[in-house]
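Please open the model in your viewer and keep the selection panel at hand. The tour goes from stop to stop, saying each time what to select and what is found there.

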Amino acid sequence: MRVLLVHPSPLLYSELYLRLEPLGLERVAAAVRAAGHEVRLLDLQVFDHAEYLRELAEWQPRAVGFSLNYLANVPEVIDLAKATRAQRPETFVFIGGHSASFIAAELLDHGAGAIDCVVRGEGEVVAPRVLEAIGAGGLERLPGVVTQRGAGPSPTLLENLDRHLPARDLGRRRHRYFLGVLDPCASAELTRGCPWDCSFCSAWTFYGRSYRKSSPEAAAEDLARIREPNVFLVDDVAFIHAEDGFAIGREVERRNIRKQYYLETRCDVLLKNQDVFAYWRKLGLFYMFLGVEALDAEALKRHRKRVSSDANMEALEVARKLGLAVAINIIADPDWDESRFAAVRDWALTVPEIVHLTVATPYPGTETWLTETRELTSHDYRLFDVQHAVLPTRLPLHRFYEQLVQTQAVLNRKHLGWGAISRYGGPLVRALARGQTNYLKMLWKFSSVYNAERQYGDHARPVKYALRPRRLVAGKPTPAQLYVHQPVSARKASA
Ligand code: B12
Ligand code: SF4
């Protein structure tokens with residue numbers, strides 16, 4: 001059967017720093033293709049809606065699957081599902097992905113009959129079974145599947161990450177994917193899941209706190225298939241176990257795979273496993289993102305980061321010694337006043353790292369969604385992108401955005417505009433020599449993307465689809481309230 005898999009448009013953040021291939025959807029595509037279907041993939045980060053509707057009319061897929069990792073994309077995906085139903089009523093429409101997994105029932109409600117099912121959890125195992133059930137029945141009994149007629153049992157984890165390597169060959173306009181100066185840039189996954197439990201994050205609740213790894217051979221084979229010279233390793237926390245990082249690295253070295261890498265990890269993991277990061281530095285590790293999140297002990301505790309401020313600073317020192325470009329994230333609380341923003345600005349100007357600010361946001365799937373007692377000021381999905389404030393701000397809202405943008409602007413001076421040219425002149429010239437202009441185009445775009453007027457104005461847009469109001473829990477949330485993949489089965493798969 002013909003199956004079209006679609007990734008929605010980029011969000012605010014991606015307009016500036018990066019645009020990356022839809023790796024999860026490529027894995028689902030590989031599984032669906034292995035089951036004998038004809039598959040196409042359309043990424044609306046690099047195609048537009050008119051092109052989608054044209055593909056629908058001309059190729060006439062029997063099924064369309066949307067990927068919904070980001071809550072802010074919900075209205076777009078609902079409208080696309082409705083447009084699909086209107087244009088081709090006989091086409092089966094399904095939605096999967098990270099955010100969709102936490103709000104399956106409300107998506108079906110918004111869809112008002114345009115969505116046949118929502119698939120919770122990992123897609124590789126169940127997507128082919130969903131397609132098999134079209135016309136044959138039994139959809140509502142499949143693991144992870146939610147329909148208007150009922151829902152199946154909890155989703156099952158993929159037992160072996162080596163299966164279904166991403167179908168990158170289905171991607172079109174791949175030259176549009178980049179990550180800052182790593183232009184063009186592909187993505188790859190070496191491990192999946194995270195054993196920690198930070199209160200603001202939904203990576204652990206999605207995977208039931210499990211952690212799985214690819215074999216060194218499969219990981220290296222996947223990297224070897226990548227044509228781009230740069231690779232974003234999407235693992236939630238890279239190199240948690242040094243021996244796994246070494247094993248994959250040795251295979252990469254044996255096969256003489258030369259790439260530049262970007263990865264994300266925790267400060268305590270970097271401190272504990274310095275050797276493996278140093279080894280990967282030799283293999284091409286260029287750029288690292290460290291989740292620092294807060295500068296003070298109280299906020300680190302609130303985020304349940306399980307790492308001290310001193311350890312964070314020590315990790316920055318280690319990363320500097322390794323000669324890596326480092327970006328870090330700090331979570332701005334809507335309760336911040338001018339002095340808190342000023343303190344972050346002052347600190348950030350004293351360190352060489354690129355400092356990003358995101359806004360504390362309770363998401364469905366995070367523990368804070370169930371426990372944060374401050375009332376939400378908006379239920380507009382589009383504002384849940386960690387760049388808008390959806391909790392009450394201490395400063396007047398406009399003033400809050402002015403402070404946020406002013407702080408981001410100061411921090412960005414280091415790596416956008418002329419600051420970037422002096423820092424990354426070499427890689428920029430190499431990207432231009434390959435005909436890649438994504439990075440160059442973003443260098444002077446900051447004020448059109450991060451703009452207090454624009455962010456403030458976003459709150460006044462009419463709301464077509466609103467998040468279902470949450471129900472707070474008293475005390476500790478139960479596993480059933482938190483997880484998509486339930487921890488027991490997840491632990492078995494990890495083992
Ligand atoms: C890589 C990544 C990115 C990449 C995105 C690459 C891309 N084009 O998708 C970048 C760096 C660009 C990014 C940016 C942001 N991200 Co991000 N990101 C991740 C991360 C770490 C891994 C995602 C990934 O590739 N996983 C590996 C693949 C294989 O898994 P997957 O995509 O989930 O796909 C599987 C399933 O979801 C499912 N599936 C997916 N699609 C479909 C479709 C169908 C039809 C089916 C059946 C199944 C299915 O099957 C797949 C295979 O098992 C996740 C954390 C996480 N662990 O999920 C956060 C995460 C998704 N990001 C998050 C956030 C907040 C953001 C930003 C908003 C952050 C910001 N600072 O502004 C931006 C917005 C980006 C945008 N859309 O424009 C949040 C999402 C919160 C939410 N509920 O909306 C997450 C969960 C992190 C967190 N700490 O909570 N991100
Ligand atoms: S923030 Fe990082 S370490 Fe914490 S739970 Fe999420 S992925 Fe794991």
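Are H1 and H6 oblique or roughly parallel to each other? H1 and H6 are oblique to each other, a word used for angles left over once those under 35 degrees are counted as roughly parallel, those over 145 as roughly antiparallel and those from 65 to 115 as roughly perpendicular.

Before going on, note that this is a predicted model, in which local features need pLDDT of at least 70 and side-chain atom pairs count only at pLDDT 80 or more, while totals for chains, interfaces and linings use all residues. Residues are numbered from 1 along each chain as its sequence is written, and chains are lettered from A and ligands numbered from 1 in the order in which they are written.

**Stop 1: H1 and H6**

Select residues 23–34 for helix H1 and residues 123–133 for helix H6, whose axes come within 8 Å and cross at roughly 50°. Helices (H or I, at least four residues) and strands (E, at least two) are DSSP runs numbered from the N terminus, and axes are lines fitted to C-alpha atoms, for helices over the stretch in contact, with angles running from 0 to 180 degrees between N-to-C directions. Now show Arg27, Val28, Ala31 and Val32 of H1, which meet Gly123, Glu124, Ala127, Pro128 and Leu131 of H6; residues are in contact here if their C-beta atoms, placed from the backbone, lie within 7 Å. Sorted by class, this contact of H1 with H6 has six nonpolar, one polar and two charged residues, where Ala, Val, Leu, Ile, Met, Phe, Trp, Tyr, Cys and Pro count as nonpolar, Asp, Glu, Lys and Arg as charged, and the others, Gly among them, as polar.

**Stop 2: ligand 1**

Select ligand 1 next, which 39 residues surround, the closest being Gly24, Gly65, Ser67, Gly96 and Gly123; a residue is near a molecule if its C-beta atom, placed from the backbone, lies within 6 Å of it. At least two residues of this shell come from each of H1, strand E4 (63–67), strand E5 (92–96), helix H4 (98–102) and H6, and H1 gives the most, with five residues. The shell around ligand 1 divides into 19 nonpolar, 14 polar and six charged residues.

**Stop 3: the two domains**

Colour residues 2–151 as domain 1 and residues 177–460 as domain 2, bounds that come from an automatic or database domain assignment. Why does ligand 1 lie between domain 1 and domain 2? Both domains give residues to the shell around ligand 1, so ligand 1 lies between them. The centres of the two domains, taken over C-alpha atoms, are separated by 27 Å, and 19 residues of domain 1 are in contact with 24 residues of domain 2. On the side of domain 1 that touches domain 2, strand E2 (18–19), helix H3 (74–87) and H4 are the elements giving two or more residues, and H4 gives the most, with three.

**Stop 4: H2 and H3**

H2 passes H3 in a right-handed crossing, and the contact is made by Tyr52, Leu53, Leu56 and Ala57 of H2 together with Leu80, Ala83, Thr84 and Gln87 of H3.

**Stop 5: ligand 2**

Move to ligand 2 and display the residues around it, among them Cys194, Cys198, Cys201, Trp196 and Trp204. The shell around ligand 2 has seven nonpolar, one polar and three charged residues.

**Stop 6: two backbone details**

Zoom in on aspartate 183 and proline 184, which are joined by a cis peptide bond with omega about 5°. Proline 184 is placed in the loop between strand E9 (178–179) and strand E10 (186–188). Then go to arginine 209, which has a positive phi of about 60° although it is not a glycine, and which lies in the loop between helix H7 (203–206) and strand E12 (212–213).

Methods: Two residues are in contact if their C-beta atoms, placed from the backbone, lie within 7 Å. A crossing is left-handed if the near helix is turned anticlockwise from the far one by less than a right angle, and right-handed if clockwise.
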